[in-house]
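Please look through the notes below with the model open beside you.

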Amino acid sequence: MKTLFTILALGFALIAQAQNDAVTKLFNEYYNDENFTKISVSSKMFELFTEIKPGDTDEQEILDAISKLKGLKVIATDSVANSKQLYTNAVKKISGSGYEELMEVKDAQEDMKFMISEQNGIINELVMVVGGKKSFFVMSLYGEIDLTKISKLSKSMNVKGMEYLKNLDESENKK
Amino acid sequence: MRFILTLAFLLIFSALVNAQSSAVTEFKDNHETSLAMYFYPSTLRMINLNQNLEFNEMIREIKKARFFRLDSGAVTPSELSALSESLIKSGYEEMMVMKSPDIDIAVLGLEKHIPEFVVISRKGDECMLLEVAGILNIAKIPKLMDAFNNGGFLDVLNLKNKKNDGSADH
């Protein structure tokens, strides 16, 4: 019985690792491409903001959301001809490695997909993929993620593309 | 006793005010700067033309900031990398890195009682160094966006240019 639990635990660990690898591989793929903007924020950055005293409940929510984050990675470009292809490939790679689809938005300008990785009922990674006419954007936000607070965070972190996170809030409100 | 206490206070205060990276100072001293600005809480509040309370709250925990615009013709990317490495050797950690076709930015931070940050930015012909002792209240940013967009702040980076154009606001 103990062996079974060990095998199961190892299995889950490997699945989690495989998920993480899929996104990491995607980021590594474009790391040396000069057409892409690459952003990486470490957990230390988020930790430092935990010492700030909030002025009101809105600020409290923003700081709560920040304090539980462990990192942020972004790759983005707005000058590729094959952006649709890049979008399709990225979605295929990420969703094929165990991420759950959270929301999809399609309009005349761009397609976007939000995917999550969840363990024990806690979302530990939010991946956003956006494909436009010439633009392509992937963001991975990891740590402990509260979807209801994350859209407020997007206003604080003026990172290109993060404005799409407001769609999560709208989707929550429609439920 | 009073003398010792006063001396101790002055030493602590002086250490706090000068608690800024010697690596940045050395780098700045070895390169030509086209703009150098030093901010203290009082001078930071001065750029807040409309006396926006949120801004004053946001910068409340900032004790000192230094800004340098360097002649990027004289600064090579490898020199900037060497500056980052030197800061890391002195205890700073890389907190954010952004590399893009237009601009490269690195934010390094030192965790201590009063945290310190160094922002190294290179955009085309412009190379900038920003060093901050203290922390910016990031939660205030959403409320501040409108105020920034409505021009309620002094554009300190373009003051010199405006003056040269004769279009400075009086």
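1. In strand β6 of chain A, Val138(A) is the residue that stands opposite Ile75(A). Strands here (E, at least two residues) and helices (H or I, at least four residues) are DSSP runs numbered from the N terminus, and two strands count as paired if DSSP finds at least two bridges between them.

2. The model is a predicted one, in which local features need pLDDT of at least 70 and side-chain atom pairs count only at pLDDT 80 or more, while totals for chains, interfaces and linings use all residues. Residues are numbered from 1 along each chain as its sequence is written, and chains are lettered from A and ligands numbered from 1 in the order in which they are written.

3. Strand β2 (residues 69–77) of chain A is also joined by five bridges to β1 (residues 37–41) of chain A, again in the antiparallel sense, and here Val41(A) stands opposite Leu72(A). β1(A) is joined in turn to β3(B) by four antiparallel bridges, with Ser40(A) opposite Val97(B).

4. Taken as a whole, twelve strands form an open sheet with antiparallel pairing, in the order β3(A)-β4(A)-β5(A)-β6(A)-β2(A)-β1(A)-β3(B)-β4(B)-β5(B)-β6(B)-β2(B)-β1(B). Because β3 (100–106) of chain A and β1 (33–39) of chain B stand at the edges with a single partner strand each, one side of each is left without a neighbour in the sheet. From one strand to the next the twist averages 10 degrees, where axes are lines fitted to C-alpha atoms (for helices, over the stretch in contact) and angles run from 0 to 180 degrees between N-to-C directions.

5. In chain B, β1(B) pairs with β2 (residues 62–71) over six antiparallel bridges, and Met37(B) has Phe67(B) as its bridge partner in β2(B). Helix α2 (residues 22–29) of chain B packs on the sheet, where it touches β1, β2, β5 (116–123) and β6 (126–134) of chain B, and its direction makes about 150 degrees with that of β6(B).

6. Which residues of the two chains meet, and how many? In contact are 19 residues of chain B and 22 residues of chain A, a contact requiring that C-beta atoms, placed from the backbone, lie within 7 Å. On the side of chain B that touches chain A, β3(B) gives the most, with seven residues.

Definitions and conventions
Two residues are in contact if their C-beta atoms, placed from the backbone, lie within 7 Å.
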